Structures are given as C-alpha cells and as structure tokens.
Number of protein chains: 2
Amino acid sequence: MIFLQRLHFLIIVCILIFTASHLPAADPLPSWGDSAAKQNIIEFVNKVTKKGTPDYVPPDLRIATFDNDGTLWSEKPMYFQMYFAVDRVKALAPQHPEWQTREPFASVLKGDYKTAFAGGEKAVLELVVATHTGMTTTEFEQIVKKWSETARHPQTGRLFTEMVYQPMLELLAYMRANGFKTFIVSGGGIEFMRPWTERVYGIPPQQVVGSSVKTRFEMREKIPVLIRLPEVDFIDDKVGKPVGINSHIGLRPIAAFGNSDGDIQMLEWATGTKGARFALLVHHTDAKREYAYNTGAEQALKDASEKGWTVVNMKDDWNVIYPPLQK
Amino acid sequence: MIFLQRLHFLIIVCILIFTASHLPAADPLPSWGDSAAKQNIIEFVNKVTKKGTPDYVPPDLRIATFDNDGTLWSEKPMYFQMYFAVDRVKALAPQHPEWQTREPFASVLKGDYKTAFAGGEKAVLELVVATHTGMTTTEFEQIVKKWSETARHPQTGRLFTEMVYQPMLELLAYMRANGFKTFIVSGGGIEFMRPWTERVYGIPPQQVVGSSVKTRFEMREKIPVLIRLPEVDFIDDKVGKPVGINSHIGLRPIAAFGNSDGDIQMLEWATGTKGARFALLVHHTDAKREYAYNTGAEQALKDASEKGWTVVNMKDDWNVIYPPLQK
C-alpha cells in the first residue's frame, strides 16, 4: 500500500518534470538590454557548453573570474573597503587619543576623507594596518560581518551590500547554471570579502581571491588562533591577479570580468590561449543611475577595443543597476 | 504518443530509484577492518549530517583537510617529490656539466641519494630550485603530469600514483558522498600535486593547498605566461598549515587527517573549537605491507592519545594498503 502511494507520487513528479522541460526557457538575463554585450555572453556560454564541438569545455574547466570593485558592486566616491576602514577608525578612536592629532587619522575623525587619503598608498596602508590587523581572523570576520549588515552608502543610503549590480547577479547565476565555477579575484582584502560574498553573490569563501596580510598561528590559553599581522602578504591587483588565480585556483579561467586597468592582466591571462575565451569590461557611463568615469580604466578600454573584449555600456546595456530593496 | 513513451520510461526509472533506495546500503569503507577507527569515522559523519541535532553541520561548512605524504600515499624511503627532483636532475644533467662535480647534484647523479640529502634543508632547497623553477607554470605542469604517469617506486615497482592508500580513497569518496568538500593540505609542492590529484584522488586543483615558489606574470612575444621563480613563497607545514588553510579555503575544517608532527597544528586548528570535530592520524605500523616507523610522528602520537584523536594502526585496521593494479 505504501509502495503504491509512493509510486503514485513519483509518477506525478515525473509528469511535472516532463511538462516543465517543454515550456519555453525564461530569459536568464532579464536586466540586460538586448545589446551586443548580452548576445556575446550567451553566444560564448552556448559555445563552450555544447558537447561534441571544438569549443566545448568540460564543466571542471569552466572557471570564470570576476573583479569586485566596479565590476560586481560600485566603487564610488571611494572604494567601499575604505568606508569600512574609516568606520573602524571612528570606533577605535577612544582607545587611540593620539589619532586626534596624527594623520591620516585626524582627518578621518574630522570626516575629511579627501585630506586623509591625499597621502595615497602610504595613507591607505597606515589605515588598513590600524584597522584590519592585530586581532584574530575570527574576530575580524565578526567585525566585517556586522559591518556588511549595517553600514550604508553616504549618497544612496543603501547598505553597501545592496549596491551590487543586479545584471551581474543574474550573470553569476546564469554562468553557474551552465556549469561554471564563479570566483572573485579582487584587489580588495580577501578577508574583507569572504564574510558576505556567499550571502550576496552566492560565492563561497574558498572561491574568493584577494589581497591579504600575513597571519600567524599560535595557541592562546590552549585555544588555537590565527593572528592578523601588520604586514602585507600579497597584493591581488594588476600583475598580481594572474598570480593569485594560479595560487588559489590552479586552473586558468576561460572567462574574466573586470572594469579597470587593474584587471588587464587577468583578462589577458584568461584570453591569451587557444580555445573559446571571453573577456568583459564594465564601462561606467551612467552618471544618473550610478557613476560615469574613465579614470583608472583608460588603458583597459583601449585594450578592449584592440583585443575584441566585450564592453558593457552601463547606461545603455543595463535595464536596472541595483536589485530591488528587500522590505 | 511520444509523450506516452517518455512517461512510460520515466515510470520505469522511478520504480528503479524506489527499489534501489530500499536495498541495504553497501559498506562504504570495505578496506577498513572493523576497528574503533572505522567506527569513529562513521559515527562522526552520521553525527554532523543528521539534521535537527545540535551536532549538525550544513554542507557548506563540511570541510575536511588531508595531508598527502604518509596520509594519502606512502612517503618512504624518501618523499616521492624527491624522486621527482632526482629524475629531473638526471634529465637536465646534459645541460649542466658543472653538476658532475657539484653537490648535491654530483651525488644524485651517482645514485647516492643518502649523501645528496645529507645536506638537509639546504640541499633539498637547492635541488628544488634547480628542478622546479625557471620554467612557466604550464611547462612545469606538463613535466609533472608526464612524470606522474610514468615514474615508478624503486622498491615496489608501482607507479608512485599507485602507492596511494585504498582505505583513504574510500574515505575521501565516503566523505564527499556525505556532502564534505575534501582538500589536500600538504607540505609538498602545490604545483607538484595539482596535475594528478583529480585523477588519483578526485580532488580538483582548487582544492589543493601546498608549499609554493613565487611566480611572475609577463608577456613573452605577446603570450601571457607565469614564470616560476627560484624563491620560496610559502611553506605549508606545521604552523603553516592553518595559515594555508585560512588563505586558500577561508573556512575552518571540521575534520583533519594527518600522520606526522607536521600535521599537529592542522589537527589542533580543526578540533580547537566548539561543535563536533574529528582528527585522525595514520600510524605506520606495517613493515610487511608498507613501512613501520614513528620517526617524525613522536609528538603527534603523544598528542593524539592526550587529545583523543583517532589513530589508525595500519597493520591491524586496514585490510588492504594499495589499490589493485589496473591492467
């Protein structure tokens, strides 16, 4: 009797599966306008997933790498990780009275980020060391997690994690549905991204590559910990991106997505070999819905036109920028 | 009509699935004798996979890390990667006449490995630099791949890749079947393992963590390459193992498997937190079928008995050591 009931249920399931497989497929990229960029993506994915053709790539080798800042989420008026750093400076200031008069901290505490970051790389490094190191990896993870759930963009009022690009979320899902493994390869901090990338992008920690500080294993009162040290370990930008990809993934991507000169070498690495390969640049052209700028992407845009990389014109090619807000 | 034929076929499939699900489950670890080690493994896996219990761990967090040398394959009379190094010295000797009189190369070329490696770490490093660097990552991958398919162990005559432990192959498959992601975390070279770990262990390149040399991205006649540099980047051993795990996986393992003092910190890292955790040491006790030694594992064995880590007694607990040879 139970057997018959179960069989009955299974037949219904089978009929439902059969029916679903005969409905027309929904557009997997609804936020993408009907542009060359969208066509190029779909054409590439169809090509590498079609068995028995010379361009076919088995699922194990379908590796796609995505820059983060400016490619998966916005990066203006300054990198979002810098907002994290300044929020940390403010939170830690009571324990550091000397910061009131010491740059770049003094300017950060006055809210004058322009002066704070005028010191360029040196100022950034000083802020990162003061705010990103000296704690255990577990403590840092908790700090970032909380920040990612509460910190808001000064201009849009959205959570920073709500300033991800809806078309790119669809693209990530579309590629995964076609057997791709999606990786982040960002100049941003690897441990600044990992606490929220699975929730926001569906990308698990082990598929996030980024810049890092050194860590040290030690036993603290019989509890094993990893301490984040005030020393840069690796910069995952420009020529560092192929190095980081090789170290963490060990396979060469067949598709890479970026938006700036920092992504050039990653796109070259992904495309500079035989077989079907794909490279895409997000071009920030939408002053009204996002930002419009070429600064920092001049060479990448030049390379794109020379090498046939696909360029997304945000203003024209994307129907929406950010996902609808969750209530 | 086609609809009815398909439906018919689907019903048969459903019945087969239904029937199979009611057969008694086959032993997933047939090469494991009925010992405490086997019971501990199965108990742990059952515990963390049972929904609605306090020990339940969701699949995303089921991370298991495995040492390689002495844990997944043999490591005697010397680490197999050292056989690779000496094979490379012999292959490259015609281009290096100076090696005939220069140590440690001269002793390697005479087949006197004992003298060659008497120089300890310095000699090993010199051999590794001479044989593992100076080429592109792609070239090195091809060299390792070919070696892994042809090089044989001097005592057993087996391919080195056939000197993997059958019980551990079953354990890897069993854990994966229970939703675990299996990672190698080895002191061996990351790029020495990646070309064959998927074929031999079912572990893809992005799930291999190991020691590494630095690499540099450059364009060679418009072709992007990564050059392997004669400079150590990272040593994935002892305190390096938790560091490598954190860098590459970004999650803490809930189960770890090793065999020597080099694995202590990895096992501490996996078990040193709340929740159901598992640590296992392979103890080499089988002089007849494999090797019997405590050297290099003295502290680990002591820790195991103090901390309740499971210890495999190879001689008694494993019905077979190596897989049957493929014809």
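Let's start with the sheet in chain A: seven strands, open, running in the order β4-β3-β2-β1-β5-β6-β7, with mixed pairing. Keep in mind, please, that this is a predicted model. Which strands stand at the edges? They are β4, residues 223–234, and β7, residues 310–313; each has a single partner strand, so one side of each is left without a neighbour in the sheet. On average, and ignoring direction, neighbouring strands here are turned by 30 degrees against each other.

Let me zoom in on one pair. Strand β1 of chain A, residues 63–66, and strand β2 of chain A, residues 181–189, pair in the parallel sense over four bridges. If you want a place to look, find A64(A), which stands opposite T182(A) in β2(A).

Helix α10 of chain B, residues 240–248, lies across β3 and β4 of chain A. The helix runs at about 150 degrees to β3(A).

Now to the domains. Chain A is divided into domain 1, which is 29–75 + 159–317, and domain 2, which is 80–142. Taken over C-alpha atoms, the centres of these two domains of chain A are separated by 27 Å. Their contact takes 16 residues from domain 1 and 13 residues from domain 2. On the domain 1 side, β2, α9, β3 and β4 of chain A each supply at least two residues. The largest share of that side, six residues, comes from β4(A).

Next, a residue in a loop: T295(A), between β6 and α12 of chain A. Is T295(A) buried or exposed? With 8 other C-beta atoms within 10 Å, T295(A) is exposed, because a residue counts as exposed when that number is 12 or fewer.

Let me finish in chain B, with strand β7, residues 310–313. T310(B) and V312(B) make up its covered face, while V311(B) and N313(B) make up the uncovered one. Strand β6 of chain B, residues 278–283, runs parallel to β7(B), and four bridges join them. One to click on is V282(B), whose bridge partner in β7(B) is V312(B). How does the chain get across from β6(B) to β7(B)? The path goes through helix α12 of chain B, residues 298–307, and this β-α-β crossover is right-handed.

Methods
Residues numbered from 1 in each chain as written. Chains lettered and ligands numbered in written order. Predicted model: local features only at pLDDT ≥ 70, side-chain atom pairs only at ≥ 80, totals over all residues. Pairing = 2+ DSSP bridges. Axes fitted to C-alpha atoms, helices over the stretch in contact; angles between N-to-C directions. Contact = placed C-beta atoms within 7 Å. Buried ≥ 20, exposed ≤ 12 C-beta atoms within 10 Å, placed from the backbone. Domains from an automatic or database assignment. Right-handed = clockwise from strand over helix to strand, strands pointing away.
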